[in-house]
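Thanks for coming, everyone. Please look at the screen while I talk.

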Amino acid sequence: MRSIERRFNNLAKIKRNTNAGACIIFTEAIFGQGFSKQTIHRYFHKLVPKGDYDRSEKRAILADLEKKTKPRGQQEIAQDSDPLKRFTPNPIPEPSSQKIVVPA
């Protein structure tokens, strides 16, 4: 099982000499990992000190974290259900019923 806490602690050790805050390290720990909304909220409260973020922006921060945990490409797939539209830059037009007349 992927552990947010383990990933967070490993990143904190690596970045201890930088000025990266706990919010930044937490974002890197969950990025692209596919964690659930409940798991993100639980570990955010556990690992990120309240002084690292403005309480009025907490909901916006958590909503952004929920988006960042999705694996790459998952958002594009959810937005467009037709797989051919994703790979075809210009969809092939339907054949028209009109006949093309070429002057002789």
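Start with helix 1. Its buried residues are Ile4, Phe8 and Leu11. Buried means under 20% relative accessible area, exposed means over 50%, and partly exposed lies in between, with a 1.4 Å probe and protein chains only. Helices are DSSP runs of H or I, at least four residues, and strands are runs of E, at least two, numbered from the N terminus. Down the axis of helix 1, the buried residues fall within an arc of 70 degrees, so they line one face of the helix. That arc is taken from the directions from the helix axis to the C-beta atoms. What do the buried residues of helix 1 pack against? They pack against helix 2 and helix 3. Contact here means heavy atoms within 4.5 Å.

A word on the source. This is a predicted model, where local features need pLDDT of at least 70, side-chain atom pairs count only at pLDDT 80 or more, and totals for chains, interfaces and linings use all residues. Residues are numbered from 1 along each chain as its sequence is written, and side-chain values use heavy atoms, with hydrogens and water left out.

Now the overall layout. The protein has 6 helices and 0 strands. Of its 104 residues, 20% count as buried. Contacts with a separation of 6 or more come 57% from residues 24 or more positions apart.

On to helix 2. Is this helix enclosed or open? The buried ones are Ala22, Cys23, Ile25, Phe26, Thr27, Ala29 and Ile30. Their cover includes helix 1, helix 3 and helix 4. After helix 2 comes Gly32, with a positive phi near 70 degrees.

Next, the core. A nonpolar core is a set of buried Ala, Val, Leu, Ile, Met, Phe, Trp, Tyr and Cys residues joined through side-chain atoms within 4.5 Å. The largest one has 18 residues. Ile4, Phe8, Phe26, Ile30, Phe44, Val48 and Leu65 have the most contacts inside it. Helix 1 (4–14), helix 2 (22–30), helix 3 (37–47) and helix 4 (58–68) each give two or more residues to this core. Helix 2 supplies the largest share, 6 residues. Take Leu65. Not counting residues up to four places away in sequence, Leu65 touches Phe26, Thr27, Ile30, Ile40 and Phe44.

Now the rings. Rings of Phe, Tyr and Trp (its six-membered ring) pair if their centres lie within 6.5 Å; planes under 30 degrees apart count as stacked, over 60 as edge-to-face and the rest as tilted. By this rule there are 3 aromatic pairs. Phe26 and Phe44 are edge-to-face, at 5.7 Å centre to centre and 75 degrees between the planes. This pair links distant parts of the chain: Phe26 sits in helix 2 and Phe44 in helix 3, 18 residues apart. Phe44 and Tyr53 have ring centres 5.0 Å apart and planes at 45 degrees, so that pair is tilted. Phe44 is buried, at a relative accessible area of 1%. Tyr53 is buried too, at 10%. Phe8, Phe26, Phe44 and Tyr53 form one aromatic cluster.

Lys37 is in helix 3, and counts as exposed at 54% relative accessibility. Its C-alpha is 9.5 Å from that of Lys67, 30 residues apart along the chain. Lys70 lies in the loop between helix 4 and helix 5 (74–79). Lys70 is partly exposed, with a relative accessible area of 39%. Lys70 and Ile30 are 40 residues apart in sequence, and 8.9 Å apart in space, C-alpha to C-alpha.

Last, confidence. pLDDT is the predictor's confidence in each residue, from 0 to 100. The protein averages 79, and 70% of the residues score at least 70. Which helix has the highest confidence, and which the lowest? Helix 3 is highest, at 94, and helix 6 (residues 83–87) is lowest, at a mean of 47. Over residues 77–89 the pLDDT is below 50, and beyond near neighbours in sequence this stretch has 4 contacts in the model. Where pLDDT is low, the predicted coordinates should not be read in detail.
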